[in-house]
Structure formats: structure tokens, C-alpha cells
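I have a new structure open and want to get my bearings. I'll jot things down as I look them up.

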Amino acid sequence: MRIRRILAAVIATAALAGLGLTGAATATAASLTPGECEQGGGTVNWATNTCSGGMYNGQMVD
């Protein structure tokens, strides 16, 4: 019974650590498309190639 609890705790910890790494990798995407910028409520500033306003404010646009 004790081994099952330890094993369950190890599996749960590994699963949570994996989700954290996946979320961090997703959050640091290289750049946006113009459509993603606009869908997030922003506009593309072509002079600086960034998204102005909205959810992606300041991120680079391809």
C-alpha cells in the first residue's frame, strides 16, 4: 500500500512537471502571423514589425 502511494506521487509530479514545460514552450513562440495579431485585438505596425495593442502587444510579426 505504501509503495502505491509513493508511485502515484511520483507519477503525478512527473505529469505536472511535463505540463509546465509544455506551457512554457508554447508561451515563448517566436513570432506571430498578421492574422493572429488581428484576432488578438491588435493591429500590425509594419514600421517595427510588431503587434500594437490587444493580447499580443509588442510581439514580433512575420
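My notes follow, from the whole chain down to single residues.

**Entry 1: the chain as a whole**

First, a reminder to myself: this is a predicted model. I counted the elements and got two helices and two strands. Reading from the N terminus, I get the order α-α-β-β. How much of the chain is buried? I find that 13% of the 62 residues count as buried. For the accessible surface I get about 4,800 Å², and carbon and sulfur atoms account for 64% of that. I also checked contacts between residues at least 6 apart in sequence: 24% of these join residues at least 24 apart.

**Entry 2: the disulfide**

How many disulfides does the structure hold? I find one. Cys-37 and Cys-51 are the partners, with 2.0 Å from S to S. I looked up the torsion about the S-S bond of Cys-37 and Cys-51 next; it is about 85°, so I note the disulfide as right-handed. What does the pair tie together? Cys-37 sits in helix α2 (residues 34-39) and Cys-51 in strand β2 (residues 50-52), so the bond links parts that are 14 residues apart in sequence.

Are the two cysteines buried or exposed? Cys-37 is buried, at a relative accessible area of 0%. Cys-51 is buried too, at 1%.

**Entry 3: the core**

Which residues form the largest nonpolar core? I list five: Leu-32, Cys-37, Val-44, Cys-51 and Val-61. Both partners of the disulfide are therefore in this core, because a nonpolar core as defined here takes in buried Cys residues and the list names Cys-37 and Cys-51.

**Entry 4: Asn-49 and Thr-50**

I find Asn-49 in the loop between β1 (43-45) and β2. With a relative accessible area of 33%, Asn-49 is partly exposed.

Thr-50 belongs to strand β2. Buried or exposed? Thr-50 comes out at 15% relative accessibility, and the cut-off for buried is under 20%, so I write it down as buried. Its side chain makes a polar contact with the side chain of Thr-48, at 2.7 Å. Leaving out residues up to four places away in sequence, I see Thr-50 touching Thr-43, Val-44 and Asn-45, and also Gly-58, Gln-59, Met-60 and Val-61.

**Entry 5: Asn-57**

Where is Asn-57? I place it in the segment after β2. Asn-57 is exposed, with a relative accessible area of 53%. Which residues does Asn-57 touch, not counting those up to four places away in sequence? I find Cys-51 and Ser-52. The side chain of Asn-57 also reaches the backbone nitrogen of Gly-53, at 2.8 Å. Last, I checked Asn-57 against Cys-37: they are 20 residues apart in sequence, and 8.2 Å apart in space from C-alpha to C-alpha.

Key: Residues numbered from 1 in each chain as written. Predicted model: local features only at pLDDT ≥ 70, side-chain atom pairs only at ≥ 80, totals over all residues. Heavy atoms only, no water. Core = buried A, V, L, I, M, F, W, Y, C linked by side-chain atoms within 4.5 Å. Buried < 20%, exposed > 50% of the residue type's maximum accessible area, 1.4 Å probe, protein only. Helix = DSSP H or I, 4+ residues; strand = E, 2+ residues; numbered from the N terminus. Contact = heavy atoms within 4.5 Å. Areas by Shrake-Rupley, 256 points an atom, 1.4 Å probe, with all protein chains shown as cover. Disulfide = S-S within 2.5 Å. Polar contact = N/O pair within 3.5 Å; in protein donor to acceptor, adjacent residues only side chain to side chain.
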